[in-house]
Amino acid sequence: MYDKEKLAQINQGLTEYEKNWEKSKEKLAAKGKRAERKESFVTGSGFPVKQLYTPLDIADIDYTTEIGFPGQYPFTRGVQPNMYRGRFWTMRQYAGFSTAEESNARYKYLLEQGQTGLSVAFDLPTQIGYDSDHPMSEGEVGKVGVAIDSLADMEILFNGIPLDKVSTSMTINAPASVLLAFYIAVAEKQGVSPDKLTGTIQNDILKEYAARGTYIFPPTPSMRLITDIFEYCSQNVPGWNTISISGYHIREAGSTASQEVAFTLADGIAYVDAAIKAGLDVDTFAGRLSFFFNAHNDLLEEVAKFRAARRIWAKVMKERFGAKKERSMMLRFHTQTGGSTLTAQQPDNNIVRVAIQTLAAVMGGTQSLHTNSKDEALALPTEDSVRIALRTQQIVAYESGVAETVDPLAGSYYVEALTKRIEDEAWAYIKKIDELGGAVKAIEQGYIQKEIQDAAYEYQKEVESGKRVVVGMNKFQIKEAPPEGLLKVDPTVGDLQAKKIADMKAKRDGNAVQTALDELREAAKGDTNLMPVILKAAKVYCTEGEICGVLREVFGEYTPIQVL
Amino acid sequence: MDLVQQVREGNKVAIARLITKAENEAPEATAALRELYPDTGRAYLIGITGPPGSGKSTLTDKLVKEIRKRGKTVGVIAVDPSSPFTGGAILGDRIRMSDLSLDDGVFIRSMGTRGSLGGLSKATHDAIKILDAAGFDYVFIETVGVGQSEVDIVKTADTTVVVSVPGLGDDIQAIKAGIMEIGDLFVVNKADKDGAEKVVIELGQMLELNQNMGDWYPPIVKTIASTNEGIVGLVDKINEHLNYLANSGELIKRRKERISNEILNLILKRVTTKITGKLSEENFWENELDEILNKLKNPYDVTDRVVDEVLL
Amino acid sequence: MADKIRVLVAKPGLDGHDRGAKVIARAFRDAGFEVIYTGLRQTPEQIVAAAIQEDVDVVAMSLLSGAHGTLMPKVVKLLKEKGADDKLVIGGGVIPDDDIPALKEAGVAEVFTPGTPTSVPIEFIKTHVKK
């Protein structure tokens with residue numbers, strides 16, 4: 001970005017500066033004083049940080065090919081030309097607990113508070129394809145999200161919420177087809193045709209194997225379910241984001257920022273590969289791929305991470321997969337602030353952490369954002385703490401000024417150098433994963449899991465040794481009274497759901513259910529698209545557990561590799 | 001009730017406690033084993049060994065399930081290395097066998113090598129005897145095939161199954177020539193992966209080179225443990241080998257060898273304990289080391305003296 | 001030589017967040033314990049069967065899903081029924097302070113909440129294991 005003469009001048013200045021600094025250090029040392037407050041300076045992910053960054057650090061980065069303009073390849077500066085000057089990111093709080101009735105009330109509250117999209121959290125039995133009355137569901141029903149057993153629950157969940165007016169994100173993976181089918185069926189009952197629907201399903205099974213743990217089926221049939229959704233939606237639900245390829249949970253499991261980018265994009269490559277192998281043209285589905293990242297406390301490293309991720313994905317899509325449409329090359333992403341960065345100690349401090357992370361996501365160019373509530377290290381968030389979290393986004397949007405111009409940190413020597421460094425490290429990982437045969441193979445061999453666990457253990461040791469300071473937890477502690485007013489889920493939800501299932505089963509058409517499940521079984525054994533048969537089963541009130549049960553029967557279940 | 005009697009009756013709490021006592025070298029363990037000895041020798045011992053990542057645990061899980069279908073009971077001992085620095089270990093083989101935990105006819109025990117230099121410890125042998133005396137029809141001993149353990153396993157088991165997989169780099173080189181001579185069955189697991197056929201061919205070629213073969217020609221069995229493919233056939237082959245051992249007299253021969261090895265080891269262990277005990281008792285290291293260092297004495301005379309004093 | 005401490009690290013229920021369980025498993029190993037790791041989605045029955053067969057001194061359960069109130073007491077109860085209630089049962093994860101008295105009442109010896117250094121449960125185990 002600078003001519004040679006200018007760079008030489010800067011280099012000379014830098015040498016001078018370093019010489020002077022060395023002298024100052026010696027003087028201080030002579031007086032027995034330390035020049036620096038710690039031995040080494042590293043980013044949140046543990047990478048060395050220099051004292052000073054100058055144009056020399058970014059001299060090799062070509063502005064036109066590597067940074068460019070927003071809305072243009074390689075999209076380093078953002079996917080839209082004017083970013084938040086058009087409209088803010090979607091403020092989307094992940095919510096859902098207990099029964100469909102209670103969650104429905106929470107959604108209506110959030111929409112009234114100015115939230116612009118819904119994000120549904122399902123309980124673990126729903127995420128793993130068990131009905132609420134299954135023995136494995138004991139103690140789990142309605143705990144980390146809402147319990148949805150059949151279309152009947154889904155109808156209640158979106159009661160009074162017009163599905164053509166709201167975009168809905170659903171955190172659902174292994175049984176994504178089933179929940180999407182429920183959603184489409186509810187919409188039809190509201191008189192909304194599928195092509196009017198907008199929203200996202202997470203549908204990212206690879207990170208479940210690698211980091212989050214809510215898998216059901218082995219990789220091969222899981223990848224089929226995913227590509228079936230890609231194909232079905234491209235024809236019938238064109239406004240739907242068919243997958244949200246997630247680094248969030250990889251980071252939560254303990255990875256570094258570069259690993260988050262690398263493993264997420266490697267998963268993305270695996271999905272694109274699978275879809276192309278299934279006969280889809282890359283440009284028919286790639287534009288509906290979306291991503292989901294974490295935002296941690298190291299503000300500048302996080303901004304760099306988002307910028308690097310966009311640049312890499314654009315190159316992957318264009319160069320590796322030969323995508324033609326610009327939209328196929330755009331990495332659009334949702335962000336959630338880092339749950340694992342929150343402390344149970346002095347929970348009010350978490351509001352500040354979330355504010356920093358919000359800045360990172362916004363200056364990194366996110367398309368939508370969930371801000372965590374301060375009490376999430378303790379329990380499910382209360383309505384009050386959810387409101388503060390939402391207000392944090394609104395303050396950043398309306399008061400901070402960072403949304404007034406596009407990619408405000410571009411050109412910072414440090415941020416550009418960091419962006420490049422994360423990009424380089426991520427490419428190295430992607431190359432290694434390619435050598436192992438791709439993300440599916442790398443996960444099957446436990447490679448990705450091991451890398452994440454090593455980083456997590458390293459982090460824990462640093463916190464315990466005090467090398468890494470977590471305010472309020474390992475430094476500046478106080479004696480605290482136990483927090484009050486935490487949200488509790490009614491322990492009888494399980495019984496309540498079980499009764500609802502029994503009532504629903506008594507009313508539905510048993511023959512239609514049997515026929516639909518038989519058809520599903522046959523289809524699963526073959527290789528046709530499963531979405532239509534799943535939708536049919538959903539409409540006649542087959543339960544999620546029944547549908548997944550048939551698929552378990554045909555596909556078997558995944559058993560994880562032991563990596564420790 | 002008496003622990004020994006409870007073990008005989010197959011009480012799992014008692015079996016588990018006695019194995020712990022054996023691992024901790026508690027004196028009661030030796031007494032109990034002495035009492036249980038007449039109840040041993042009925043179980044069929046199968047060693048499973050192979051490099052890390054070969055899918056041994058999954059294979060064992062599936063073999064056990066197949067044997068259970070045939071109405072027999074199974075004990076499993078899964079040995080993993082202990083850290084030489086802290087003595088700690090993470091024993092994770094159960095992950096692959098979770099749903100066997102609740103089967104009454106199955107008992108799974110994970111053991112760390114605890115400083116036995118990679119080989120099978122005395123405690124492993126004790127645990128085998130305890131499971132044998134408790135009445136399990138089959139006892140599987142699963143070890144990582146590195147170092148001493150894969151040689152030890154052959155001395156311990158009636159039938160040794162060597163597991164390999166495609167794609168571990170120097171496929172066959174990972175299996176040392178030694179193990180080629182002692183494997184009774186060879187399994188190529190993950191046989192749906194690229195390169196499986198190559199492993200089969202290479203194994204076959206190495207077997208052909210082996211001169212020391214008796215009447216049993218070790219079969220090479222392809223499996224995909226994760227989907228249960230080849231498992232029924234593998235159990236058939238294992239049983240076939242058992243019949244061969246029994247009918248050829250090889251079983252008696254192997255067991256006699258095992259007993260003599262075991263006794264030798266017990267003697268060595270006893271003698272070692274006695275000698276190290278004596279040495280520390282007379283403060284040997286402090287008193288004589290300087291003299292040896294300064295060449296006033298030599299190591300050979302000192303050795304002669306100590307051995308004579310202890311043994312004679 | 002002191003008898004080796006054996007610990008079962010278990011993930012009861014459907015919760016897939018195993019970062020904590022795996023970090024603590026490694027820390028236990030580095031403290032010289034023998035750690036038996038069960039993997040995800042274990043029912044209380046499976047955990048108890050494993051604890052018995054492995055004859056562990058400690059059953060350590062990690063749970064972030066909110067199902068602790070149901071699953072942890074059930075493990076204690078089943079251990080008792082099977083005659084294996086000499087084991088120290090401890091828990092960790094996102095567990096509200098309000099819930100801890102009930103868990104202790106049910107026989108869970110100690111509960112470690114987020115932010116606890118791994119040295120704390122390690123010391124707790126060393127002090128409380130009945131050897």
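Six strands line up as an open sheet, in the order S3(B)-S2(C)-S1(C)-S3(C)-S4(C)-S5(C), with parallel pairing. Here strands are DSSP E runs of at least two residues and helices are H or I runs of at least four, numbered from the N terminus, and two strands pair if DSSP finds at least two bridges between them. The edges, each pairing on one side only, are S3(B) and S5(C). From one strand to the next the twist averages 25°.

This is a predicted model: local features need pLDDT of at least 70, side-chain atom pairs count only at pLDDT 80 or more, and totals for chains, interfaces and linings use all residues. Residues are numbered from 1 along each chain as its sequence is written, chains are lettered from A and ligands numbered from 1 in the order in which they are written, and side-chain values use heavy atoms, with hydrogens and water left out.

Where the chains meet, three bridges join S3(B) to S2(C), and the two run parallel. B:Leu91 stands opposite C:Ile36.

Helix H5 of chain C packs on the sheet, and its direction makes about 170° with that of S4(C); axes are lines fitted to C-alpha atoms, for helices over the stretch in contact, with angles from 0 to 180 degrees between N-to-C directions. Contact means heavy atoms within 4.5 Å.

| Strand touched by H5(C) | Residues |
|---|---|
| S1(C) | residues 6-10 |
| S3(C) | residues 58-62 |
| S4(C) | residues 88-92 |

Over in chain B, 10 of the 12 residues of H2(B) are buried, so the helix is largely enclosed by the rest of the structure. Buried means under 20% relative accessible area (1.4 Å probe, protein chains only). Just after H2(B), B:Glu25 takes a positive phi of about 55°.

Conventions: Buried < 20%, exposed > 50% of the residue type's maximum accessible area, 1.4 Å probe, protein only.
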